[in-house]
Amino acid sequence: MHTSHPRAEDEIGAFQLPPSVREYRDLARRIVREELMPLEREFLASPNHAYGLPPTVNIRSVFDKKTADRLEGISRDSGLFNVLVPEEFGGPGLSLLAQVVLEEEFNYSPVPFPYASVPNILYECRGDQVERFLKPVVSGEWTTAFAQTEPGAGSDPGGMMTTRATRDGDGWVLNGTKMWISNAGDCELVMVQAVTDPEKRQRGGITMFLVRRDNPGMKVEVPGIATWLGPRASQHIIHFDDCRVPDSDVLGEVGKGFVLGQKWLTIHDRLMRGPYALGKMQRALDMSIDWAKQRKTFGKPIAERQAIQWKLVDMYVDIQALRSMTYEMAARADSGEDVRTEAALIKMTSTDWGARCLDHAIQIHGAMGEALELPLTLFYRVLRHAQIGGGTSEIQRVLIARKLLA
C-alpha cells in the first residue's frame, strides 16, 4: 500500500510556488505515480539498472523496447522531456527553482523519469558546436560524461590535475588519465578538463575540451571499477594517449575550463543534490508512515511506539529543513547571486541527512527494509555514495568555512 502524505509546499502559507510551477510539479507527480511506480519491482530486480546513467539510458537498459518507448513517449507528449532546457533550445526556460521542484518529483521513484539530461555548461557551445554537440544531447540522441577527477586529483583538481593538453598546429594533443567517471562507457561525448598552462592552472591554465567517444586517442576501461551501487554502475577510467582535439572542439575559452567545471559542480553536482535527495527522503518517509500504521508488534501498530514516532519526526524535520534551504538557494541563484558556498551547504546537508533519513526508514521497516524489492536500500546506497561523489562532505565544510572566515 502507498499513500501520498501532505507536504509543506502543498499547504497554504507564506511561501507559494508560482501557479505555472505547481502545474508542472503536479503533472510530473502524477506521471511518476501512475507510470513509473508500478514498474519499480521489475526495475529493482534487474541487474542492468545503474547509478550514473542518464534516465533514458537507464530505462532502456532495464525494460523492453515497447515499455521504454512508451515511457519516453509519455515524457515527450506531456512536454516534460525538455522541461529543463532553456527556451532558445526548445524548452520552456524554467527557473532553477522550478527545476529543483521537478527534480524532486522525478526522484520520488527509483525508476528514472526519461528526460533530456543536458549539462548546464554545454549551453556554452558556440557556432557549429551547437549543431554538432548540443542539439544531439538536447534531443536525447546523445548522452555525456564529465571528466575532471584523476587518480591523484579528486578533492584538489586545480592543484593536482596532471592530464595535459599541448598545442599542436591548429589543435591540441591530450595525454593523461581520468578516474571515477560516470557514464563514460555509454556516452557519446566527454567533457574533459586538461591543463594547458601548468603555471596558471585553475587561474587561467585549465581548458575544457569536447571529445567524441569514438576518438581513437581516448580509451575507456570497460567494465570499469565495480562498486556497491550495482553490477552496471561501474565508474570508468579514461586514458588519453596522444588524443587529438581541434581548436573547434574547445568549450568556452582556452584557459577558462576550470571556471566551467566549477559552474557544472555548483549546479549539477551540488545544488541539484538537494532535490535528488529530497525525492528519495520524502518517499522513504511516506513508506515508513504507511508501514508503521500497518505493522503490529505485541498487539498494536508500531506507529504507537515512541521510538518509531521520533524517527519519523527526525525524518520529517530533515526533509522540511532541506527543502526550505534548497528552494531558497535556487531562488537566490535565479536572482543572479553567486551561490557556490550555498551549493556546498546543500550538497553537504542533502547527502548527510539523506543517508540518515534512509537509515531511519530501513530501521523502521525492520527486516523488510533490507528487501531488494523495495527502493530503500538502493536509495540508501546512492545517498551514502553522494557523501563522497562530487566532493566529499568534508570538502564542502572546507568551502563553507572558507567563506565564513574570509
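Predicted model: local features only at pLDDT ≥ 70, side-chain atom pairs only at ≥ 80, totals over all residues.

Trainee: At what angle do helix H3 and helix H4 pack, and how are they oriented to each other?
Mentor: Helix H3 covers residues 55–62 and helix H4 covers residues 65–78, and their axes lie 8 Å apart. The angle between them is about 155°. Angles over 145 degrees count as roughly antiparallel, and H3 and H4 are therefore roughly antiparallel to each other.

Trainee: How many residues of H3 are buried?
Mentor: Buried residues have under 20% relative accessible area. In H3 they are Pro55, Thr56, Val57, Asn58, Ile59, Ser61 and Val62. H3 is largely enclosed by the rest of the structure, because the buried residues number seven of the eight.

Trainee: How are helix H1 and helix H5 oriented, and what is the handedness of their crossing?
Mentor: Helix H1 (residues 19–36) packs with helix H5 (residues 96–106) at an angle of about 15°, and the axes are 9 Å apart. That angle makes H1 roughly parallel to H5. The crossing of H1 past H5 is right-handed.

Trainee: Which residues make the contact of H1 with H5, and how do they divide by class?
Mentor: H1 contributes Val21, Tyr24, Arg25, Ala28, Arg29, Val32 and Arg33. H5 contributes Ala98, Val101, Leu102, Glu105 and Phe106. The division is eight nonpolar, no polar and four charged.

Trainee: What is the handedness of the crossing of H9 and H12?
Mentor: Helix H9 spans residues 273–294 and helix H12 spans residues 376–385. They pack at an angle of about 150°, with axes 11 Å apart. The crossing of H9 and H12 is left-handed.

Trainee: How do the residues in the contact of H9 with H12 divide by class?
Mentor: Tyr276, Ala277, Lys280, Arg283, Ala284 and Met287 of H9 make the contact with Leu376, Phe379, Val382 and Leu383 of H12. These residues divide into eight nonpolar, no polar and two charged.

Trainee: Which residues of the largest nonpolar core touch the most other members?
Mentor: The largest nonpolar core has 70 residues. One of those with the most contacts is Met315, which touches Ala284, Leu285, Ser288, Cys357, His360, Ala361 and Ile364 when residues up to four places away in sequence are not counted. A second, separate core of 23 residues includes Tyr123, Cys125, Val137 and Trp264. In the largest core, the residues that touch the most other members are Phe63, Phe113 and Met315.

Trainee: Against which strands do the buried residues of H6 pack?
Mentor: Helix H6 (residues 129–138) is mostly covered, with seven of its ten residues buried. Those residues are Gln129, Val130, Phe133, Leu134, Pro136, Val137 and Val138. They pack against strand S1 (144–147), S4, strand S5 (206–212) and strand S9 (250–251).

Trainee: Is Trp180 buried, partly exposed or exposed?
Mentor: Trp180 is found in strand S3 (residues 171–181). Phi of Trp180 is near 60°, a positive value in a residue other than glycine. With a relative accessible area of 42%, Trp180 is partly exposed.

Trainee: Is Asn183 buried or exposed?
Mentor: Asn183 is found in the loop between S3 and strand S4 (189–195). Although Asn183 is not a glycine, its phi is positive, at about 70°. The relative accessible area of Asn183 is 3%, so Asn183 is buried.

Trainee: How far apart in space are Gly299 and Ile121?
Mentor: Gly299 lies in the loop between strand S10 (296–297) and strand S11 (300–301). At 72% relative accessibility, Gly299 counts as exposed. In sequence, Gly299 and Ile121 are 178 residues apart. In space, C-alpha to C-alpha, they are 57 Å apart.

Terms used: Residues numbered from 1 in each chain as written. Heavy atoms only, no water. Axes fitted to C-alpha atoms, helices over the stretch in contact; angles between N-to-C directions. Helix = DSSP H or I, 4+ residues; strand = E, 2+ residues; numbered from the N terminus. Parallel < 35°, antiparallel > 145°, perpendicular 65-115°, else oblique. Core = buried A, V, L, I, M, F, W, Y, C linked by side-chain atoms within 4.5 Å. Buried < 20%, exposed > 50% of the residue type's maximum accessible area, 1.4 Å probe, protein only. Contact = heavy atoms within 4.5 Å. Left-handed = near helix turned anticlockwise from the far one by under 90°. Nonpolar A, V, L, I, M, F, W, Y, C, P; charged D, E, K, R; others polar.
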